[in-house]
Amino acid sequence: MTTERGLVSPTKETEIALHEEIILAKRQITDNLDQILTVLPKRVHRALAPYLEEHSDLLELVLDLGRPAEARFGNNLHVDLLPASDDPTDTANEVTLDDIDHVTSRISDFGFDNRAGIERTLHRISCIRNRAGRVIGLTLRIGRAVYGTVDIIRDIVESGKSILMLGRPGVGKTTKLREVARILSAEFRKRVVIVDTSNEIAGDGDIPHPAIGRSRRMQVKRPEEQHAVMIEAVENHMPQVIVIDEIGTEQEAFAARTIAERGVQLVGTAHGNSLENLLLNPTLSDLVGGIQSVTLGDEEAKRRGTQKTVLERKAPPTFDVIIEIMEVDKLAIHHDVAKVVDKMLRGQLPRPEIRVRNTGGIVEVVQKAELPPDRPGEKTGGTYGMTFEPEPIPYSPSLSEGRGSAIGSERKSFGQSGKTVHLFPYGVSRSRLERAMANLRVPGVVARDMKDADLIIALKATFRREPAKIHEARGKHIPTFVVRSNTYIQIESALREVFGLQPTVLPTDEEAAISEASNAIEHVQETGEAVELAPQNAYVRRLQHQLVERAELGSESLGIEPRRRLKILPNTTT
């Protein structure tokens with residue numbers, strides 16, 4: 001059978017109708033449309049009724065003072081329900097204040113975000129006010145609970161990974177979020193708490209809509225308090241999963257990170273169409289690890305083949321998986337966010353996995369995920385962004401070949417002879433060196449002059465400049481050990497290698513916090529400037545306070561949990 005261009009044959013129409021029936025059979029749609037129709041003025045309801053018989057995809061109704069009421073359907077169909085008259089003085093078909101009052105008197109009160117609803121439904125009514133606060137416009141958005149939309153990502157939902165969904169407004173983010181909450185709570189019997197800022201996920205009223213299954217819903221009084229309710233949900237209700245809609249502020253992004261660090265699965269949505277948009281958003285980039293500018297040394301830049309200033313991820317991503325909702329039934333999925341972000345910051349664009357639901361309702365993977373391979377020495381997806389593993393540096397007694405390692409032919413004898421080793425710190429903190437030797441109980445003392453030293457501990461930046469004293473050491477064949485930074489951990493690690501001790505391991509959180517406090521105490525004693533420490537729990541803060549007291553300095557706690565921290569103050573007594 002032939003057909004004219006642009007027309008569909010009867011056979012084809014039958015096939016399409018059959019496919020639609022199959023898909024609808026897998027999806028159950030609950031829209032509670034009758035309940036929103038009952039709040040409309042009668043003349044608007046009468047005008048809308050004929051269109052509802054022909055179209056089942058009503059999206060929203062718009063009532064603006066002095067204009068005709070408008071209905072918006074799918075496929076970008078807009079209909080004026082009360083057509084304007086050609087006579088500009090004829091206002092019979094315009095929306096009046098009485099029409100607006102008719103609606104507002106039959107719905108719940110508007111909140112601080114100018115949104116209201118109808119109890120036990122998912123409909124959302126938003127208002128526009130004039131300068132005096134009078135409601136002069138309404139947008140009545142039809143809320144639908146669509147069951148069966150999550151099968152396209154069900155394997156990811158079941159994995160227990162934290163998921164962030166992105167997409168333009170109206171593409172179905174909240175619908176999928178609601179369905180995820182229902183599956184995890186009802187089918188997997190997990191403790192799910194929904195932080196529902198605008199009652200959009202679980203509907204209006206104190207009793208949530210059945211579409212969220214066994215999930216519990218926490219309402220938010222003011223939108224700006226959402227981050228506090230997120231933390232409250234974790235601390236008070238022991239959830240296994242927290243569901244959040246529309247993460248949009250820096251405080252909410254930080255709260256999401258705090259929740260993820262406590263081992264709770266997060267499922268949320270954020271403003272943005274793609275992962276690339278999210279990276280460029282300074283407020284929300286922390287959700288995928290954040291971005292920091294790093295200045296590399298000449299050698300490191302040469303090894304990486306980049307400029308000296310590069311962008312790197314500064315922390316582990318809050319969310320493990322990013323899902324970009326391109327269309328209702330077409331998704332782009334980034335499975336390993338840490339690696340994907342690292343590659344994007346290097347200018348390499350990974351290919352996401354793309355899944356679609358075809359006209360037969362079958363989920364297909366039309367594009368497999370593909371990450372560009374790591375370059376030699378490159379390692380992506382680590383805790384703190386991309387790293388490069390340097391090639392082993394051959395041992396050499398020459399000072400000029402040292403590159404951040406130990407230099408000198410006598411290095412191996414220090415740990416075996418048992419005799420006292422005189423170490424001269426050049427550019428390195430003398431007090432930290434003494435403390436490290438005391439803690440490790442090695443036979444070493446700090447030399448007051450380079451000529452008396454058996455070994456020089458030099459800071460990398462100082463060593464590269466090679467001033468007069470380094471030239472003097474070279475002439476006397478004094479071995480030199482170069483450390484990358486003037487921190488206690490680096491100095492201790494150097495001593496372990498010098499004296500042949502077991503390699504150091506990463507400190508525990510408690511040890512790292514005590515080390516930070518010790519370094520800060522030294523700084524305050526030397527400069528007289530107050531120093532704020534990183535946030536810690538109450539137990540660690542107590543240990544830090546005790547350490548400060550022994551140093552005869554002052555201290556105070558600032559902030560609120562989980563950002564409560566110590567501030568070390570100089571001793572003001574004369």
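## Overall architecture

The chain of this predicted model has 574 residues, of which 44% count as buried, and its secondary structure comes to 18 helices and 29 strands. Among contacts between residues at least 6 apart in sequence, 60% join residues at least 24 apart.

Helix α4, which spans residues 97–104, has D99, I100 and V103 as buried residues. Viewed along the axis of α4, these buried residues fall within an arc of 95°, so they line one face of the helix. The elements against which the buried residues of α4 pack are α3 (42–54), β2 (58–64) and β7 (135–141).

Helix α11, at residues 337–345, has eight of its nine residues buried, so it is largely enclosed by the rest of the structure. The buried residues of α11 are V337, A338, V340, V341, D342, K343, M344 and L345, a list that includes the charged residues D342 and K343. Just after α11, the backbone at G347 takes a positive phi of about 85°.

In strand β13 (residues 265–270), six of the six residues are buried, so the strand is largely enclosed by the rest of the structure. In a regular strand the side chains alternate between the two faces of the sheet. In β13 both faces are covered, with Q265, V267 and T269 buried on one side and L266, G268 and A270 buried on the other.

Strands of a sheet pair through backbone hydrogen bonds, in either a parallel or an antiparallel sense. β13 runs parallel to strand β9 (residues 163–166), to which it is joined by three bridges, and L164 has G268 of β13 as its bridge partner. β13 also runs parallel to strand β12 (residues 241–247), here through five bridges, and V243 has V267 of β13 as its bridge partner.

## A three-stranded antiparallel sheet

Three strands form an open sheet in the order β27-β29-β28, with antiparallel pairing. The edges are taken by β27 (531–532) and β28 (554–558), each of which has a single partner strand, so one side of each is left without a neighbour in the sheet. Between β28 and strand β29 (residues 565–569), the antiparallel pairing extends over five bridges, and in one of the bridges S557 is partnered by L566 of β29.

## The cavity and its lining

A search of the whole structure finds one cavity of 30 Å³ or more, and the largest cavity has a volume of about 50 Å³. Its lining is made up of A116, T121, L122, H123, R124, S198, N199, E200, G203 and D204. By class, two of these lining residues are nonpolar, five are polar and three are charged.

F112 is found in the loop between α4 and β5 (115–117). When residues up to four places away in sequence are not counted, F112 touches K221, R222 and P223.

## Two arginines with positive phi

Most residues other than glycine have a negative phi. R120 has a positive phi, near 65°, and is found in the loop between β5 and β6 (124–129). With a relative accessible area of 47%, R120 is partly exposed, because the exposed class begins over 50%.

R189 likewise has a positive phi, near 55°, and is found in the loop between α6 (173–187) and β10 (192–196). At 53% relative accessibility, R189 counts as exposed, because that value lies over the 50% limit.

Methods
Residues numbered from 1 in each chain as written. Predicted model: local features only at pLDDT ≥ 70, side-chain atom pairs only at ≥ 80, totals over all residues. Heavy atoms only, no water. Buried < 20%, exposed > 50% of the residue type's maximum accessible area, 1.4 Å probe, protein only. Helix = DSSP H or I, 4+ residues; strand = E, 2+ residues; numbered from the N terminus. Arc of directions from axis to C-beta. Contact = heavy atoms within 4.5 Å. 1 Å grid on protein atoms, 1.4 Å probe; cavity = no way out; pocket = protein on both sides within 12 Å on 5 of 7 lines; lining within 4 Å. Points joined across faces, edges and corners; volume = space filled by probe spheres on them. Pairing = 2+ DSSP bridges.
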